[in-house]
Number of protein chains: 2
Amino acid sequence: MTERCPLPSPPSSDVIQLAHGGGGRATWRLLHDHVLPALGLAGPALDAAALAPPPGARLAFTTDASVVRPLEFPGGNIGRLAVFGAVNDLAAAGARPLALSLSLILEEGLAMAVLHRVLASIADAAALAGVRVVTGDTKVVERGKADGLYTAVSGIGVVAPGVDVGPHRIRAGDVVVTTGDVGRHGVAILSVREGLGFEGVTSDCAPVTGLLDALLAADIELHCLRDPTRGGVSAVLHELAIDAGVAIAVHEPAIPIDPAVAAACELLGLDPLAMACEGRLLAIVPPAHADRAIAALRVHPDGARAAAIGVVESAPAGRVVATTVLGTRRVLDFSASEQLPRIC
Amino acid sequence: MTERCPLPSPPSSDVIQLAHGGGGRATWRLLHDHVLPALGLAGPALDAAALAPPPGARLAFTTDASVVRPLEFPGGNIGRLAVFGAVNDLAAAGARPLALSLSLILEEGLAMAVLHRVLASIADAAALAGVRVVTGDTKVVERGKADGLYTAVSGIGVVAPGVDVGPHRIRAGDVVVTTGDVGRHGVAILSVREGLGFEGVTSDCAPVTGLLDALLAADIELHCLRDPTRGGVSAVLHELAIDAGVAIAVHEPAIPIDPAVAAACELLGLDPLAMACEGRLLAIVPPAHADRAIAALRVHPDGARAAAIGVVESAPAGRVVATTVLGTRRVLDFSASEQLPRIC
């Protein structure tokens, strides 16, 4: 737009300044010189984007704020996390993403280079998930009133035809399937935050849309889907057990856990089942579909370690237990899911 | 859900704690005891909501982060602002709201009573705009990493049939109409923040959907709509002048400004045209429609002070000028719109 833009550039700035949030020329420059090009958005910065969903489509709508600390970590950064957070919530509703929005809250003094890296990751992550950021908003707060930057990504998705997932469909006897090994994101964050540097633990941060597609293509009857982020597998299973009024029993030896993740948890006295994943899906399926579901997932690169990890029991409602390798049972504690703040 | 919830209540807490963001039992309690009931959401807290838009509908999608300081101010609070911010962005796209999402970023130590008031305002504001919050996300950051609470509200709207608004439709000769007096929100915030206490200045914080309906019902040809929030009327007109490649001339004596707002701006050396509104719409209409547009707006309680305040000129592109009561012209400075951080 240079040919018709009469505005001189402001003095160059390597960091976010309060004026960038004032709504005037500096805001216009921040958006047009930095944010919009990074997201591949050309033309005027409109306050709302136009969408034309397929006729008759059932839509899913979600939002996900990201406040992870640090902003960049092994295997990802807040931008990837923000996009996949929304995309994976849509997948858990049986939906493929149609459009994303991006709200940014920037702290005065944030290095412009960090913002660029995060925005580039947002664009890359969206492309990987087959979607685009189509609208956004950017605010600036004073130094000491945020922690670099926070995001909120909302997503609209199109629910796959014939899909009806939710706690209301969970039945005793259903099988809990994980699409991969669990706990990696939580340990990756802990590793960099506490300076522990567990070798080789990177976040599993990824879109699960392809895994949903694999299940749908194999015609698996899906009763419920959830992505086990904050609070990990344990928190998600507790929520489902409460909402569906059932008990869930997981078989610990069947749960895929990376050896480095297991070692880190052992060392720190943490339960890997309570550590966040950011690229996994738990699928609750009827027993007759479990083997086919796992076979279908394993064909996908991100589903190589798919496994059946538990079964739904009729009672007591809300109870989640784990059977150990010795056959003993321990009750999982919902509160124990509160291990780490600002994991996502 | 008490009859099937096996979880004991945690020790009562008057403030937000880090555990409320951990994803475990405390998070579940925060959502089910506080957030969901306040928003009128019953049942399980799903990560995504289902929507069925009218067949063939064109949708608009928007997002708006709110970081206003202080959280509560004369005429509103961050909750009302957050809802109307999204609703009014949809209205500026010619759309009526269909559904909202709410992302909350809460600071450790935030009084639960403040959260309750803000949530109640969000529910009230949504009801006033004829819409509901259908999905959300809640995160908690450490003390000193936010400023009480921040929100991001996203909205999906249904574009009214036949409406096509945007800078691309602006033509020389078009008239700029405001739906009401300008600058009130900015002065109301300034008043409480700097302890100036200008008597009687309250925020204009309100949904503009009814005003859009009034224009549509009168069959006004709408070329462009914008809500003059951050940066005020001046910033919006600059953006439109740049995006449409036109000049805009406003006639200062025609611009409705509350006497208390004018007095406060005079005292502080601020330009009321650069002060934020949060319940106004600027409509760019063909000259033949201007009088009918104003008449239609004035029938609405929020449109009593609707007025034609300027005209679009063919050149120079991006220039916004104001003609004074004496007939002289001054060029409005886009940079002068950066008067106040965290106005919204």
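Predicted model: local features only at pLDDT ≥ 70, side-chain atom pairs only at ≥ 80, totals over all residues.
Chains are lettered from A in the order in which they are written, and side-chain values use heavy atoms, with hydrogens and water left out.

**View 1. The end of helix H3 in chain B.** Helices here are DSSP runs of H or I with at least four residues, and strands are runs of E with at least two, numbered from the N terminus. Helix H3 of chain B covers residues 112–128, and its 17 residues should span 24 Å at 1.5 Å a residue, which agrees with the 24 Å between its end C-alpha atoms; the expected span is 1.5 Å times one less than the number of residues.

**View 2. The buried residues of H3(B) and what covers them.** Among the buried residues of H3(B) are Met112(B), Val114(B), Leu115(B) and Leu119(B), where buried means under 20% relative accessible area (1.4 Å probe, protein chains only). The elements of chain B that cover the buried residues of H3(B) include helix H1 (25–39), helix H2 (78–92), and strands S4 (76–77), S5 (95–107), S6 (133–141) and S7 (149–159).

**View 3. The packing of H2(B) on H3(B).** The axes, which are lines fitted to C-alpha atoms over the stretch in contact, with angles from 0 to 180 degrees between N-to-C directions, come within 7 Å and cross at roughly 35 degrees. From H2(B), the contact (heavy atoms within 4.5 Å) is made by Ile78(B), Gly79(B), Arg80(B), Val83(B) and Phe84(B), while H3(B) contributes residues including Val118(B), Ser121(B) and Leu128(B). By class, this contact of H2(B) with H3(B) has eight nonpolar, two polar and one charged residues, where Ala, Val, Leu, Ile, Met, Phe, Trp, Tyr, Cys and Pro count as nonpolar, Asp, Glu, Lys and Arg as charged, and the others, Gly among them, as polar.

**View 4. The rotation axis relating chains A and B.** A rotation of 180 degrees with 0.0 Å of shift along its axis superposes chain A on chain B with an RMSD of 0.0 Å, and the two copies are thus related as by a two-fold rotation axis. The superposition is by least squares on the C-alpha atoms of residues with pLDDT of at least 70 in both copies. Of the residues of chain A, Ala146(A) comes closest to this axis, with its C-alpha at 2.3 Å.

Definitions and conventions:
Residues numbered from 1 in each chain as written. Buried < 20%, exposed > 50% of the residue type's maximum accessible area, 1.4 Å probe, protein only.
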